[in-house]
Amino acid sequence: MTVGFIPKRPHKKSRGGCQTCKARKVKCDEAQPRCTFCDKRNLKCVYPTRQERPNLLTLPSSSTSVCLSRDASPFGDDDVAGLALTTQCIIPTSTPPPTLPTSTGSLSLTDMRLLHHWSTITCNTVAIGEAAKTTLQMVVPQLAFENDFLLNGILGIASLDMERLNPDSQDMQKQTTIYRGRAVADFRRALTRIEPGTRNYEAALLMSVLLIALYPNPPTDEDELIIIKWLIFYQGLKLFLNMGSKPMIMAGSVGPFFRRELTELKIGPVVPKVLVSMLQMIDITDPDFLMLEHYCKVLDDLGILYASLKQDGLGPELYIRVISWCSYINQEFANCARERRPRAIIIMAHYLVFVKVIRGLWWLERIPDRDIGKIVKSLGPIWLQYLEVPLQASMTTDKDEIAALLLR
């Protein structure tokens with residue numbers, strides 16, 4: 001019996017389809033206002049005008065307003081304000097998102113080069129733990145193709161990584177700024193469409209953390225403390241986490257990225273005596289007296305890092321606790337740190353010593369020494385007695401020496 005070829009069924013080509021379907025090379029049914037393909041997958045569905053060239057990553061003009069409607073958003077007014085503050089840390093509201101002239105329709109050559117760099121190099125140097133790295137390599141790109149803010153976010157981090165490898169490249173710096181601006185602008189617009197249990201919810205969870213790595217270093221404001229911005233970012237992350245449940249998040253495709261420990265801690269928190277003494281000296285007339293409960297809680301959380309260092313030594317078990325530590329900080333203490341209250345930023349200086357012992361994460365390498373220096377400079381001589389360990393740690397690059405300093 002002769003086996004012949006079965007011809008493909010002819011079909012009418014869709015020439016008026018939406019940008020998303022064209023970018024994914026699928027037939028668009030051209031339904032209005034959203035085609036069936038985009039509607040089923042909760043994707044942005046935009047039809048190009050006759051004058052414009054379809055572009056997957058096209059941004060609206062700078063005059064376009066970002067409307068955060070209470071009816072359309074799962075967040076309350078305070079939540080929206082908090083999330084807006086998180087994104088304003090990277091790009092001010094008044095700054096129009098820059099355009100990316102190299103984008104030609106779906107992914108430009110620059111986009112594809114950066115995506116390759118992300119999948120082969122950057123994803124292994126952003127998080128701690130093999131499970132988290134696998135999530136960044138395999139899951140994140142899939143979510144990124146469905147969510148423009150995450151796509152521009154990972155391209156921006158990959159560009160920042162390449163900028164680190166080519167520090168004298170002005171073009172690389174401009175490219176990073178462009179992707180950063182687009183990611184933040186897209187993320188702010190997406191806030192009204194986030195629904196728990198959906199893939200865009202998982203993308204938003206990831207983005208709220210990746211903003212930390214995407215943040216400019218050094219920042220535009222010379223006196224700014226990057227570690228305080230971390231606290232703000234983590235407060236934004238909490239808003240997303242509170243929308244769902246921990247079991248739901250950990251069972252999802254991005255669950256491995258949100259693990260806060262790799263091993264069980266078998267010893268209790270170990271709090272340095274110098275920090276305990278600092279809190280014991282608070283007078284009833286001191287404004288910090290009303291915050292004493294929150295300071296004590298943060299010291300207990302910091303004590304977990306000392307206990308982990310004592311139990312596990314330098315390694316992933318400690319590093320993942322250090323990276324996730326800011327997620328334990330409550331809003332009250334975060335506000336004290338933002339106000340630059342001396343005791344609050346002294347505690348953060350001691351935390352930065354732990355950040356300095358982490359190996360393998362390029363995006364935080366310069367932060368501890370910079371911020372410790374800024375903290376010391378901003379405080380008077382009366383507070384230096386509580387900063388001896390951070391000061392000594394800032395004078396060495398030997399991580400084992402710093403670990404010994406923490407445990408003495």
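**Entry 1: K356 and D369**

I looked up the pair K356 and D369 in this predicted model and found that their side chains meet in a salt bridge, 2.8 Å from N to O. I count a salt bridge when a side-chain nitrogen of Lys or Arg lies within 4 Å of a carboxyl oxygen of Asp or Glu. K356 lies in helix α15 (residues 342-356) and D369 in helix α16 (residues 367-378), so the pair ties together parts that are 13 residues apart in sequence. Helices here are DSSP runs of H or I with at least four residues, strands are runs of E with at least two, and both are numbered from the N terminus.

I then checked the cover of the two residues. K356 counts as buried at 10% relative accessibility, and D369 counts as partly exposed at 31%. The cut-offs are under 20% relative accessible area for buried, over 50% for exposed, and in between for partly exposed, with a 1.4 Å probe and protein chains only.

**Entry 2: ground rules**

I noted that residues are numbered from 1 along each chain as its sequence is written, and that side-chain values use heavy atoms, with hydrogens and water left out. As the model is predicted, local features need pLDDT of at least 70 and side-chain atom pairs count only at pLDDT 80 or more, while totals for chains, interfaces and linings use all residues.

**Entry 3: other salt bridges**

How many salt bridges does a search of the whole structure find? I got 17. Side chains of opposite charge can pair when their charged atoms come close.

I picked out D161 and R164, whose side chains form a salt bridge at 2.6 Å, N to O. D161 and R164 are three residues apart in helix α6 (residues 148-165), so about one helical turn separates them. Is D161 buried or exposed? D161 is buried, at 0% relative accessibility. R164 is partly exposed, at 38%.

I also looked at E130 and K133, a salt bridge in which the closest N and O atoms are 3.9 Å apart. Both residues belong to helix α5 (residues 130-146), and they too sit three residues apart, about one turn of the helix. E130 is exposed, with 59% relative accessibility.

I found a network of salt bridges as well, which links D286, D288, E339, R341 and R343.

**Entry 4: helix α18**

I turned to helix α18 (residues 399-407), where I402, A403, L405 and L406 are buried. They cover an arc of only 160° around the axis, which puts them on the same side of α18. The arc is taken over the directions from the helix axis to the C-beta atoms.

What do the buried residues of α18 pack against? I listed α12 (292-312), α15 and α17 (388-393). Contact means heavy atoms within 4.5 Å.

L406 is in helix α18 and is buried at 7% relative accessibility. Leaving aside neighbours within four places in sequence, I found L406 in contact with Y306, L309, V353, F354 and V389. I also took the C-alpha separation of L406 and K310, which is 9.4 Å for two residues 96 apart along the chain.

A403 is in helix α18 too, and is buried with a relative accessible area of 9%. Not counting residues up to four places away in sequence, A403 touches L309, L314 and V357. The C-alpha atoms of A403 and A393, 10 residues apart along the chain, are 9.1 Å from each other.

At the start of α18, I saw a side-chain oxygen of D398 come within 2.9 Å of the backbone nitrogen of D400.

**Entry 5: cysteines**

How many disulfides does a search of the whole structure find? I found zero. A disulfide needs a pair of cysteine sulfur atoms within 2.5 Å. The cysteine sulfur closest to that of C45 is in C35, at 3.9 Å, which is too far for a bond. C45 is buried, at 14% relative accessibility. I checked C336 also, and C336 is buried with a relative accessible area of 2%.

**Entry 6: whole chain**

I closed with totals. The chain has 18 helices and zero strands. Of its 408 residues, 50% are buried. Among the contacts in the chain with a separation of 6 or more, 73% are between residues 24 or more positions apart. The chain exposes about 20400 Å², and carbon and sulfur atoms supply 54% of this area. The areas come from the Shrake-Rupley method with a 1.4 Å probe, and for residues only the protein chains shown count as cover.

Notes. Polar contact = N/O pair within 3.5 Å; in protein donor to acceptor, adjacent residues only side chain to side chain.
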